Structure formats: C-alpha cells, structure tokens
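Visitor: I would like to go through this model with you and ask, at each step, what a given label rests on.

Guide: Gladly; let us take the labels one at a time and set each value against its cut-off.

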Amino acid sequence: VDWLESIAKDEIGDFSDNIEFYAKSVYWENTLHTLKQRQLPSYIGSVRPLVTELDPDAPIRQKMPLDDLDREDEVRLLKYLFTLIRAGMTEEAQRLCKRCGQAWRAATLEGWKLYHDPNVNGGTELEPVEGNPYRIIWKISCWRMAEDELFNRYERAIYAALSGNLKQLLPVCDTWEDTVWAYFRVMVDSLVEQEIRTSVVNLDETEELPREYLEANWTLEKVFEELQATDKKRVLEENQEHYHIVQKFLILGDIDGLMNEFNKWLSKSRNNLPGHLLRFMTHLVLFFHTLGLQIKEEVSIEILKTYI
C-alpha cells in the first residue's frame, strides 16, 4: 500500500498549493451571497431553487442545489481530496479542507484513530487525550455514506477508503495501480480491524460493521484473482503488461512463478523483447543471486546470455 501511495504522491507533487476555487474565504460563499441578496426588497435576480440553510448536510437534507459556482468548487475539491487520500496524504487533505473553509470535513478524515487516554493511570500532569472514542460508529457512518447515491462519487470513494468499502471504492479506480491499491487498502483495513477486535478490551459493539466487511477473508492470491475478473477493459489490458506481471509475482513472493514467466517470454519472443525490459530482467536475476535466493539456474543463464 505504501509503495502504491508513494507512486501516486510522486505524480501529484504539490498541486494542492496551487488549487484555486471560486469561493475564497467562506464555505459556499456564492450561495451565501445569493441568499443574502434575495432578502433585499430590491432583488430582481434569479429565483431558481437553492438551499436555504448552509450546514454541511443541507443539500442532501433539503434535496436542493447549491449555487453553480459552489457546486463546481465542491466537485473539484472532492476529486482533489480523493487524489490526496489515494496518495496517502491524509494530513494534506485535511489541510486543504481547512483552507477551503471545511474544517468539519477535515475532522471526519481522522475518525479512524484509536482512542487513548494517557491520564487513566494517573500522573503528575494532565496529558491530551487522543483518538476517537466512537470509532466504530464513525466507521459505520462512513460505510453508509459511501453507499448513499445522493453523494458525489468521489465523496463516496473517500469514505469508502476510510471504511474498507471496496464496492464503492472501485468505481473511481481506473488504472491497474489504482485498482490494486483499492484492494490492498481494504485488505489491510480489514486485517487491522480484526486485530483491534481481538486485542482491544472494552470495545463498543452496540453498533456492528456490515457482515460483508467482517467476513471478507482477503489474501494476496485472492486480490489478483479479482483483478483478472474485473470488468474494466483498461485494467485487464494493464494486467498483461510485463512490469505489472513482475510486480504481481514479487508481491506474491512467488519467485519460481516469476522465473517461469521469464522463460515463457524468452521462448515466445527472445529477439523481440524490449531492451529495457531485458536489462531489467537481468538486473533482477543478479539481485536475486546477491540475496542468496534459490532461483532456476537454467532460466537465469538464458536471460544473461540473451542480454549479452
């Protein structure tokens, strides 16, 4: 997961510092301005429906739209936030939320933290309490929000990533890297949750996470089986790319399987393999030897002979 997030982080750079929105100082500034103008006796502008309240839940609760500029801001912001979550930059996503007047949303992104009160065992000085005492309720709320079709697809994906809701996370994952990240993010989330439930005492179980989440037994092999069965054409095509095949076998720790794959490539198109791929295969084989790993000697020799 860290590797896939670091790749995404390298690609986006410091883009969040350069994001510009129509609303500069106040959350949903344009909607607020329009609502204030409508209260004036001299107002003669548009009377099309708008929300009449500006709390975060108002558009969903009232089933009324924001001003067009605010709505455009909201869509862009949510997409940027998901991009940051995808890159493992949750703190940067929170900073962006605060900069855009959505401190409440920044708070929703850190509900995953375990509750810890260092003052329980006493002490000379009062220390700050950390984490979320209602973590399970927060996670269930994130799951339900991800399931709600009234929310923007990127907003649903953000909270799907936080709650381990794979079904709602996959629709915004279009590449091989994004899709693998989604599966492994959910797998790690599930394993962490299992560990918490078996290790943490006094766990509040008045609310229960969905059965499909709790009973999902993810393995590395199962993830790649799911990738082979995806209905996304681009991901299926990228599954067959040489480097993604290498990455798959390395993730699985299946060195023999990787060497068999190398042998197939040599047998099928020895003289047509891209030079950079053959060079990579050679360096990888030499690296395995340096580590003292037992690999198929005949395949190693064929790779080196072909490269030379």
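Guide: In this predicted model, six residues of domain 2 are in contact with five residues of domain 3.

Visitor: Which residues make up domain 2 and domain 3, and how far apart are their centres?

Guide: The domain assignment gives domain 2 as 110-119 + 128-232 and domain 3 as 242-307, with domain 1 covering 1-102. Taken over C-alpha atoms, the centres of domain 2 and domain 3 are separated by 36 Å.

Visitor: Why are α15 and α17 called oblique to each other?

Guide: Helix α15 (residues 255-269) and helix α17 (residues 297-307) pack at an angle of about 45°, with their axes 10 Å apart. Roughly parallel needs an angle under 35 degrees and roughly perpendicular needs 65 to 115, and α15 and α17 are therefore oblique to each other. Their crossing is left-handed.

Visitor: Which residues of α15 and α17 meet there, and what is the contact made of by class?

Guide: From α15 come Met259, Phe262, Asn263 and Leu266, and they meet Val299, Ser300, Glu302, Ile303 and Thr306 in α17. By class, the contact of α15 with α17 has five nonpolar, three polar and one charged residues.

Visitor: What makes α14 roughly antiparallel to α15?

Guide: Helix α14 (residues 242-252) and α15 pack at an angle of about 155°, with their axes 8 Å apart. The label roughly antiparallel is kept for angles over 145 degrees, and the angle found here therefore makes α14 roughly antiparallel to α15. In passing α15, α14 makes a right-handed crossing. On the α14 side the contact is made by His242, Ile245, Val246, Phe249 and Leu250, and on the α15 side by Ile255, Gly257, Leu258, Glu261, Phe262 and Trp265. These residues divide into eight nonpolar, two polar and one charged.

Visitor: At what angle do α15 and α16 pack, and which classes of residue are found in their contact?

Guide: The angle between α15 and helix α16 (residues 275-291) is about 145°, and their axes are 12 Å apart. The crossing of α15 and α16 is left-handed. Ile255, Leu258, Met259, Phe262 and Trp265 of α15 make the contact with Leu277, Met281, Leu284, Val285 and Phe288 of α16. By class, this contact has ten nonpolar, no polar and no charged residues.

Visitor: How do you know whether Arg86 is buried or exposed?

Guide: The place of Arg86 is in helix α4 (residues 68-86), and its relative accessible area is 7%. Buried means under 20%, so Arg86 is buried. Leaving aside its neighbours within four places in sequence, Arg86 is in contact with Leu4, Glu5, Ala8, Glu177, Asp178 and Trp181.

Visitor: And Thr34: why does this residue count as buried?

Guide: Thr34, which lies in helix α2 (residues 29-38), has a relative accessibility of 15%. That value is set against the cut-off of under 20%, and Thr34 therefore counts as buried. Beyond its neighbours within four places in sequence, Thr34 is in contact with Tyr43, Leu50 and Asp67.

Visitor: What makes Asp68 count as partly exposed?

Guide: Asp68, in helix α4, has 41% relative accessibility. Buried requires under 20% and exposed requires over 50%, so Asp68, in between, counts as partly exposed. C-alpha to C-alpha, Asp68 and His244 are 42 Å apart in space, and they are 176 residues apart in sequence.

Visitor: Why does Lys233 count as exposed?

Guide: Lys233 belongs to helix α13 (residues 233-239) and has 62% relative accessibility. Exposed means over 50%, so Lys233 counts as exposed. The C-alpha atoms of Lys233 and Asp174 are separated by 9.3 Å, although the two are 59 residues apart along the chain.

Key:
Residues are numbered from 1 along each chain as its sequence is written. This is a predicted model: local features need pLDDT of at least 70, side-chain atom pairs count only at pLDDT 80 or more; totals for chains, interfaces and linings use all residues. Side-chain values use heavy atoms; hydrogens and water are left out. Axes are lines fitted to C-alpha atoms, for helices over the stretch in contact, and angles run from 0 to 180 degrees between N-to-C directions. Helices (H or I, at least four residues) and strands (E, at least two) are DSSP runs, numbered from the N terminus. A crossing is left-handed if the near helix is turned anticlockwise from the far one by less than a right angle, and right-handed if clockwise. Contact means heavy atoms within 4.5 Å. Ala, Val, Leu, Ile, Met, Phe, Trp, Tyr, Cys and Pro count as nonpolar, Asp, Glu, Lys and Arg as charged, and the others, Gly among them, as polar. Buried means under 20% relative accessible area, exposed over 50%, partly exposed in between (1.4 Å probe, protein chains only). Domain bounds come from an automatic or database domain assignment.
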